[in-house]
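Here is a friendly walk through one protein model, from its inner spaces to its charged pairs and its surface. Have the structure open beside you as you read.

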Amino acid sequence: MRLGIASLVAGYVLSQFYRAFLAVLAPVLEAELGATKADLASASGYWFLAFGAMQIPVGIALDRIGPRRTAAFCLLIGAGGAALFAMAGSPFVIKVAMALIGVGCSPVLMASYYIFARQFSPAVFGTLAGMVIGIGSLGNIAASLPLTAAAEAFGWRETVWALAGITALIAAAVAVLVRDPVRVATPEGPKDSVLTLLKMPAIWPILAMMLVCYAPPGGLRGLWLGPYFTDVWSYSRPEVGMAGLWMGIAMVIGSFAIGPMDRWLGTRKWVIFGGNAAMLCFITALWLAPQQSALFSTLMFVGVGLFGSTFPIVIAHARAFFPPHLVGRGVTLVNLFGIASVGIAQHVTGYLFAATPAQPAPAAPFAAVFAFFAITTAVGLAIYLLSQDRTD
């Protein structure tokens, strides 16, 4: 089982990589394919929307056929999407490819969480979930300077072809190494479904938090970091990669740190609230002072990455309310809210960016993007105050 978990975590490293690599490839895609920033925002959004749309069928598949076949099959689709990306000749093909890659990445994290939820106590779920996110976030780091170096040395198409091959190999490893947990018998009586979960009042404030906790770090690291530092601070591609590297490292540190905090402090609710309140402060600073200095901006992005790492513990908070036979559908439902929100946010921020004049202040369109993330985070925090704390 350890090798199986390792193969799923390797798949999640790829998932983190794919959701972030457009920020580094943006300049070359603009130059070679004529892609606009709105095109790239849409492409990034399609990854998240496809990923999110898959969460309900993935949840059903985890409960009914298990994580092994579910994850392996989807990863093969992702390999095909990466191959299509490598052959792309227009922004439209990039969008289609990103959607296919999103489908491919959609089950790997939840497959790991499903196994954890079935084989470990709820009390340690947050710690294990945070560890997977932390290790997986190495993919975020790989989508910075290492990707820049590979694209410079071999070309971006050749690099993405290599990624398609690696994705296919990981799909094969999942198919061979993962062992499905013993299925839980469904209780007698009416069939339960996702609607059963949605009838639980306790999870709605948590879902509201999930809508906003990952959208800022996911959206900023996944796309806006690259154009922002290029347009406002005239960064070269290696310098953009370095900025992405620092934010990626912060996300790794934050993910490892957040996992055990609920057990150390005896609360999930206030760990989640405190982390996202701190993240809100950094986003607001970017909104109000987008041209303060390059160092200031880098530190603000790092702060968003560090404190915006509550994703796994929000899932752990919701998971505590789910019955055993609905764990697969439960964790994927929560994941749907977290991932789909990034896809929607990327489309909205793309339109905001395009609609905001860049003259006389080149940072003005980016300030509109930061404002969107700050306002939505504040609303989510207010609703989350109504949630019940639970750490069992």
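## Before we start

Helices (H or I, at least four residues) and strands (E, at least two) are DSSP runs, numbered from the N terminus. This is a predicted model, in which local features need pLDDT of at least 70 and side-chain atom pairs count only at pLDDT 80 or more, while totals for chains, interfaces and linings use all residues. Residues are numbered from 1 along each chain as its sequence is written, and side-chain values use heavy atoms, with hydrogens and water left out.

## The largest cavity

Rolling a probe the size of a water molecule over the atoms shows where empty space is left. Here a cavity is a set of points, on a 1 Å grid over the protein atoms alone, where a 1.4 Å probe fits but cannot get out; its lining residues have an atom within 4 Å of a point. Grid points are joined across faces, edges and corners, and a volume is the space filled by probe spheres set on the points. The structure holds two cavities of 30 Å³ or more.

The largest cavity has a volume of about 90 Å³. Its lining consists of 13 residues, and Gln-16, Ile-133, Tyr-214, Met-251 and Phe-311 lie nearest its centre. At least two lining residues come from each of α1 (2–20), α15 (237–258) and α19 (311–319), with α1 giving the largest share, three residues. By type, the lining has seven nonpolar, five polar and one charged residue; Ala, Val, Leu, Ile, Met, Phe, Trp, Tyr, Cys and Pro count as nonpolar, Asp, Glu, Lys and Arg as charged, and the others, Gly among them, as polar.

## The second largest cavity

The second largest cavity has about 30 Å³ of space. Around it sit Ala-38, Ala-41, Ser-42, Gln-346, His-347, Gly-350 and Tyr-351. Two or more of these lining residues come from each of α3 (37–53) and α20 (327–355), and α20 supplies the largest share, four residues. This lining has three nonpolar and four polar residues, and no charged ones.

## Salt bridges

The structure holds four salt bridges, each a side-chain nitrogen of Lys or Arg within 4 Å of a carboxyl oxygen of Asp or Glu. In one of them, Lys-37 meets Asp-231 at 3.2 Å, N to O. Because Lys-37 lies in helix α3 and Asp-231 in helix α14 (residues 215–233), this pair ties together parts 194 residues apart in sequence. Lys-37 is buried at 16% relative accessible area, whereas Asp-231 is partly exposed at 32%; buried means under 20%, exposed over 50%, and partly exposed in between (1.4 Å probe, protein chains only).

Which residue does Lys-95 pair with in a salt bridge? The partner is Asp-39, with the closest N and O atoms 3.3 Å apart. Helix α6 (residues 91–105) holds Lys-95 and helix α3 holds Asp-39, 56 residues apart, and both residues are buried.

Asp-63 and Arg-329 form another salt bridge, their closest N and O atoms being 2.8 Å apart. Asp-63 lies in helix α4 (residues 55–64) and Arg-329 in helix α20, so parts 266 residues apart in sequence are tied together. Asp-63 is buried at 10% relative accessibility, and Arg-329 is buried with a relative accessible area of 10%. Salt bridges that share partners also join Glu-30, Lys-37 and Asp-231 into one network.

Definitions and conventions. On a 1 Å grid over the protein atoms alone, a cavity is a set of points where a 1.4 Å probe fits but cannot get out, and a pocket is an open set with protein on both sides within 12 Å along at least five of seven lines; lining residues have an atom within 4 Å of a point.
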